[in-house]
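Here are my comments on the model you sent.

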Amino acid sequence: MDIRWFQDFVTLAEVQNFTRAAEMRNVSQAAFSRRIQALEQWLDAKLIDRASYPTKLTAAGERFRTVATGLLNQIADAKAEIGDAPSRNHVRIASTYALASTRLPGWWARWSGAGDMSCSLEVGNVHDTVSAFNAGSADVLIGFHQAAHPVQIDATRFERHELGVEKVRPYMSRALAESGRLELPGTVLKPLPLLMYSPSGYFARVVDSAIEQSAQALVGYRAFEAEMTDVLGDLALQGMGIAWLPDSSFVSGRLAGLVPLGDGAWDIDVSIVAYRSRVNARGVVGRLWEQICAVHDLG
């Protein structure tokens, strides 16, 4: 038995795609498939329903998923606790790009307390960070959550704490706004150039909700698509169109040349939430969680 088989299986269970899981595990798809088959042979049970698309687990696979995740967490905990002091005091955080480059540095300065904690950060989009967290590759996940588009986190396995609420709203450059060349909500003759999130991204669904729930119909075209808020913010700053950005984008002051639009007609609230495993017994993770809850006590 190879511990990598467990990690492969948990990753596949989360992403439900052999190709994507192999990429995340940094192996060829052929090698990845062989390792999953080796695990099934070792267990003498079929874990994957290969006749379904997207990939699904069999009943045995669902049961083993809980076992595999628990074992991986226990192994990680034991390795950290048995190691020297730096290892025992090390935590792994997974976070989205938007928060890692804006909110997280200031938060870590407050969470780390006396400075005896060290941290490694895994950054990615919402899907990848959630998958990594579910697979046991991080002790704490920091990400966005919107009621209409919940992140798939099992409440029986993980506890959560809300860190704050941000507003996502449309912005354009001050120069473009003052020129009067673009006016909301746009018209058929003068549609608005929209700087939008890639369809597969989490914020794409959030922005779509903001547009759909507005009493005013927005008339525009997708002038540019990107996954990262920084890219869309920079394009808006250059006068290339309208971008929906969360409050965290303005923490550094880099986008001070943008102005909000619409008087709230196309705004939507999103929560920033922290998660940790209920069975992670490492002392340093418990201390970090206490700091997170104390610093962000919204009660």
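**Notes on the predicted model**

1. Aspartate 139 is buried, at a relative accessible area of 1%; buried means under 20% relative accessible area, exposed over 50%, and partly exposed in between, with a 1.4 Å probe and protein chains only. The side chain of aspartate 139 forms a salt bridge with that of arginine 92, at 3.0 Å from N to O. A salt bridge here is a side-chain nitrogen of Lys or Arg within 4 Å of a carboxyl oxygen of Asp or Glu. This pair links distant parts of the chain, 47 residues apart: aspartate 139 sits in the loop between α8 (126-134) and β5 (140-145), and arginine 92 in strand β3 (residues 90-96). Arginine 92 counts as partly exposed, with 23% relative accessibility.

2. On sources: this is a predicted model, in which local features need pLDDT of at least 70 and side-chain atom pairs count only at pLDDT 80 or more, while totals for chains, interfaces and linings use all residues. Residues are numbered from 1 along each chain as its sequence is written, and side-chain values use heavy atoms, with hydrogens and water left out. Helices (H or I, at least four residues) and strands (E, at least two) are DSSP runs, numbered from the N terminus.

3. How many salt bridges are there by this rule? The count comes to 15. Side chains of opposite charge can pair when their charged atoms come close. Arginine 20 is partly exposed, at 27%.

4. Arginine 50 and glutamate 40 also meet in a salt bridge through their side chains (3.0 Å, N to O). Arginine 50 is in the loop between β1 (48-49) and β2 (56-57) and glutamate 40 is in helix α3 (residues 29-43), so the pair ties together parts ten residues apart in sequence. Is glutamate 40 buried or exposed? Glutamate 40 is buried, with a relative accessible area of 5%, while arginine 50 is partly exposed at 40%.

5. The surface carries a nonpolar patch of about 450 Å², made by Tyr97, Leu121, Val123, Phe224, Met228 and Val231. Patches are made of residues with over 30% relative accessible area and no salt bridge; like charges are joined within 9 Å, and nonpolar side chains (Val, Leu, Ile, Met, Phe, Trp, Tyr) within 5 Å. Methionine 228 lies in the loop between β8 (220-226) and α11 (229-237) and is partly exposed at 31% relative accessibility.

6. The axes of helix α7 (residues 104-111) and helix α12 (residues 283-295) come within 9 Å and cross at roughly 110 degrees. Axes are lines fitted to C-alpha atoms, for helices over the stretch in contact, and angles run from 0 to 180 degrees between N-to-C directions. The two helices, α7 and α12, are therefore roughly perpendicular to each other (65 to 115 degrees).

7. Tyrosine 171 is in strand β6 (residues 158-173) and is buried, with a relative accessible area of 6%. The C-alpha atoms of tyrosine 171 and alanine 236 are 7.2 Å apart, though the residues are 65 apart along the chain.

8. Arginine 88, in helix α5 (residues 85-88), is partly exposed at 34%.

Technical notes
Accessible areas come from the Shrake-Rupley method with a 1.4 Å probe; for residues, only the protein chains shown count as cover. Angles under 35 degrees count as roughly parallel, over 145 as roughly antiparallel, 65 to 115 as roughly perpendicular and the rest as oblique.
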